[in-house]
Amino acid sequence: MQKYVEIKRDGLTLRGMLHIPNDVVSQKVPMVILLHGFCDDRNEINFVHNELSQRLCDAGIASVRFDMNGSGESDGRFEDMTVSSEILDAQAMLRYVRSLDFVDTKKIALHGCSLGGCVASMVAGKCKDQIRALSLWCPAPDLVYNLKEHKTLCNQDVSNIEKDGCADVEGLKLSLKFYQDACTLDPYKEASLFDKNVCTIHGDQDITASCECSYKYKEIFKERAKCIIVKGAEHRFKSFAFREARMQGALDFLKEELL
């Protein structure tokens with residue numbers, strides 16, 4: 001069953017979809033919170049989060065996927081969004097799912113794609129006692145590090161951001177506030193606080209978020225991390241085989257951790 005849902009976070013309404021397995025009336029079920037990437041929405045690139053939610057539901061795992069503030073149908077302006085504000089969104093989602101009477105609160109996982117993977121890893125570190133497992137698709141903490149160290153964003157030069165007060169990113173306004181916020185963050189340090197199992201899946205041809213990000217998570221989490229590198233895949237995993245490799249890898253990991 002799919003159900004449209006809304007939650008409040010600091011006066012903003014976040015809008016999303018809740019997927020509930022059919023047998024939820026008879027038992028509490030695990031839950032996965034799906035976090036989308038930069039400039040995307042709750043469906044994600046080529047609807048992959050929609051598909052993942054449906055396949056998790058078929059396996060007996062509930063999920064929820066919200067548009068972050070300033071994206072999709074949620075309140076807020078994109079130009080007011082920061083990595084820190086997305087962390088607040090994700091924490092609000094976590095509080096929401098923990099309040100649902102059919103959710104097994106000992107079996108809640110986070111899943112994130114691209115920047116959503118960076119955010120998921122940081123929230124996992126901050127809320128480690130409430131998160132059972134962490135699933136990451138092409139996680140992009142290098143978006144934060146490249147922005148604050150080189151003033152580039154996904155290979156785009158945004159060095160004018162301080163002078164102009166914003167940067168043009170595919171027609172969307174990236175704010176100076178986003179840059180200033182990024183300069184205060186250390187995603188790997190925050191993520192390193194997480195003490196349970198992690199799965200990262202990355203394409204070796206990804207130039208948007210380097211697969212070195214997944215290697216770094218593997219270095220941080222050591223034997224608790226599974227790092228799957230899909231040869232030939234880029235950031236969007238644009239083939240039947242690449243898409244299925246990413247989908248099945250996440251499903252196998254989440255089922256193993258939650259069921």
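1. Let's start with a term you'll need: a helix axis is a line fitted to the C-alpha atoms over the stretch in contact, and angles are taken between N-to-C directions, from 0 to 180 degrees. With that in hand, look at α2 and α3, which pack at an angle of about 60° with their axes 9 Å apart. Keep in mind as you read on that this is a predicted model.

2. Who touches whom between those two helices? From α2 come Val 83, Glu 86, Ile 87, Ala 90 and Gln 91, and they meet Leu 115, Val 119, Met 122, Val 123 and Lys 126 of α3. Sorted by type, the residues of this contact are seven nonpolar, one polar and two charged. The crossing of α2 past α3 is right-handed.

3. Now for the sheet. Eight strands make an open sheet with mixed pairing, and the order to trace is β1-β2-β4-β3-β5-β6-β11-β12. At the edges sit β1 (2-9) and β12 (225-230), each with pairing on one side only. From one strand to the next, the twist averages 20°.

4. Zoom in on one pair of neighbours: β6 (residues 133-137) and β11 (residues 197-203) run parallel and are joined by five bridges.

5. Helix α2 (residues 83-98) touches β1, β2 (12-19), β3 (29-35), β4 (62-66) and β5 (103-113), and its direction makes about 120° with that of β1. Helix α3 (residues 115-126) packs on the sheet too, touching β3, β5 and β6, with its direction at about 145° to that of β5.

6. There's another helix pair worth a look. Helix α1 (residues 48-58) packs with helix α9 (residues 240-258) at an angle of about 40°, and their axes are 11 Å apart. That angle makes α1 oblique to α9. The crossing here is right-handed.

7. On the α1 side of that contact you'll find Val 48, Glu 51, Leu 52, Arg 55 and Leu 56; on the α9 side are Arg 243, Glu 244, Arg 246, Met 247, Gln 248, Leu 251 and Leu 254. These residues divide into six nonpolar, one polar and five charged.

8. Last, the annotation. An unreviewed UniProt entry places "domain: Serine aminopeptidase S33" at residues 31-142. Over that stretch the chain is 37% helix and 23% strand, and the C-alpha atoms at its ends are 28 Å apart.

Conventions:
Residues numbered from 1 in each chain as written. Predicted model: local features only at pLDDT ≥ 70, side-chain atom pairs only at ≥ 80, totals over all residues. Heavy atoms only, no water. UniProt positions renumbered as here; feature names shortened; annotations may be inferred. Helix = DSSP H or I, 4+ residues; strand = E, 2+ residues; numbered from the N terminus. Parallel < 35°, antiparallel > 145°, perpendicular 65-115°, else oblique. Left-handed = near helix turned anticlockwise from the far one by under 90°. Contact = heavy atoms within 4.5 Å. Nonpolar A, V, L, I, M, F, W, Y, C, P; charged D, E, K, R; others polar. Pairing = 2+ DSSP bridges.
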